[in-house]
Amino acid sequence: GGGGGGGAASLVRDLSESDLSSLGAEPHVLAFGDVDGLEALAEATYGQVVVGRAPAALAAKYGGKEAPAVAMLPFGAAEKAAKKAVPFAADAAGLDAAKKGALASLPDSLVDKLGQGSPDMFFSAALTQTAAKAACLLFSDKAEVPPIFRSLSMAFEGQMQFGFAPPAMMAQFNIDRAPALLVLWNENEGKDEQDAQAGMKLTGARFMPQVHGKFSYGNIAAFVASVVEQRLQMLGAHAGGAKPAGGEGEGGRGKAAGAGKDVGPPPELSAANFEAECTQRGGLCAVALLDGGPDNGNKEAQLAVLAKLRRRGAGGPLSYSWLDATCHTDFVAAFGLGETDLPTMLVLSPGKARWARSVGAFDAETLAAFGNGVAAGRRATESIDAVPALQEVDCASVARGADAVAEDDALGDEIMAEILEEERREREAREAEAAAAAAAAAAGGGQDEGGVAKDEMSELQRMEAEVEQCG
């Protein structure tokens, strides 16, 4: 039952009653009690709908039915979740209907619907008023904007402009078949004055399924994030007039005006700097959990990914740092994580005592989309009693990997040796006692057929003698 376990890699959220009182704006499908098919649903709607398990006792509050039950919360229903919940049957048909309702509730207000006329106004805004100075176009023969594209427009709000183009516009952009996704920008933007005066020259990149993978939210978001990263580098990583991704979400620390400046390497967290770098800093802490041991050959590459995010996000709602997770194991365990989950990233909101963990590849594109989603309030977060404090640990002396296992084995050998020694002493004591009893019996009378006095027999000897007599 349950549609899969709630392990670290699960896309299904385990939501407490407290979590339900502080949900994000994204649509939710909630399962109360034992409901099959949740993992498949979460994978199919990744990035668009939050799928969660909620306490069975709350089923009636969110739809008036006893568990097992399913409820759908449309986009923006978080503040009045219980009142706006729509109940569905706890079966495959019910989940499918809940999925369709949740996806349909995603707004398309951030997507410009382009007609057969000139798209000049759209491109004018896209190429001057967004951080990447770029436009993302989806060519489709569908009448409505697909949910994936709606979610994408929210996740990258302010980074680029999103447009939904009909098949009639495909020829203008050399598109031969739909669906097709294209990111366009002015090739002369950011070049010297002579090129800039030559006017706008559109160029771009196309999402290619054979290269980037199937049309899924995760693949498209990674592609768009990659283009944003490249564009910011081409433009000198200047954020321009873009609205920061976290302007009104969990972070909300204001405009990312400092993006791209030299901010130095991401700091390694310790007991000494944890408050300054995270809990007292304001906004959100984006903490990369890495294996800091000498045997991690990927550590430098992972730190380079983090440095890229830190440089790009300077002044934004996220402050980036990293933690030696194989050293500070107690801190990592407080979030239900361990060495097998590394590398990964936590986004912490110390002020609200909430957190989220990234799922997927440890690369700049995936982590940027995740962090921006949390900051903008479009990614679900989980509650925690309090952000755990870091303990003072000498990480240089901590045993890791095979050394830690060997240390455990040595401790186990030591304990086993003590157990065997204790058993040897007890055995010798029993043998000495039996020998003394036998000697005393030989010196006195009242012996049985075995030559041992019954009143001197051990309990075991008496039982054996009685069994022989019964035989």
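Student: What should I know before reading the values?

Tutor: The model is predicted, so local features need pLDDT of at least 70 and side-chain atom pairs count only at pLDDT 80 or more, while totals for chains, interfaces and linings use all residues. Residues are numbered from 1 along each chain as its sequence is written, and side-chain values use heavy atoms, with hydrogens and water left out.

Student: How many helices and strands does the protein chain have?

Tutor: Helices (H or I, at least four residues) and strands (E, at least two) are DSSP runs, numbered from the N terminus. The protein chain has 15 helices and 15 strands.

Student: What share of the residues counts as buried?

Tutor: Buried means under 20% relative accessible area, exposed over 50%, and partly exposed in between, with a 1.4 Å probe and protein chains only. Of the 471 residues of the protein chain, 45% are buried.

Student: Why is strand β2 described as largely enclosed?

Tutor: In a regular strand the side chains alternate between the two faces of the sheet. Strand β2 (residues 28–32) is largely enclosed by the rest of the structure because 5 of its 5 residues are buried. H28, L30 and F32 are buried on one side of β2, and V29 and A31 are buried on the other.

Student: Which strand does β2 run parallel to?

Tutor: Strands of a sheet pair through backbone hydrogen bonds, either parallel or antiparallel. Two strands pair if DSSP finds at least two bridges between them. Strand β2 runs parallel to β3 (residues 50–54), joined to it by 5 bridges; A31 has R53 as its bridge partner in β3.

Student: What is the strand order in the open sheet that contains β7?

Tutor: The order is β6-β8-β7-β9-β10, with mixed pairing. Each of β6 (111–113) and β10 (202–206) has a single partner strand, so one side of each is left without a neighbour in the sheet. Inside the sheet, β7 (residues 134–139) and β8 (residues 161–165) are parallel over 5 bridges, with L137 opposite G163 in β8.

Student: Which helices pack on this sheet, and at what angles?

Tutor: Contact means heavy atoms within 4.5 Å. Axes are lines fitted to C-alpha atoms, for helices over the stretch in contact, and angles run from 0 to 180 degrees between N-to-C directions. Helix α5 (residues 120–129) touches β6, β7, β8, β9 (180–186) and β10, and its direction makes about 135 degrees with that of β7. Helix α9 (residues 217–234) lies across β7, β9 and β10, at about 10 degrees to β9.

Student: Is I419 in a helix or a strand, and why does I419 count as partly exposed?

Tutor: I419 is in helix α14 (residues 401–443). I419 counts as partly exposed because its relative accessibility is 40%.
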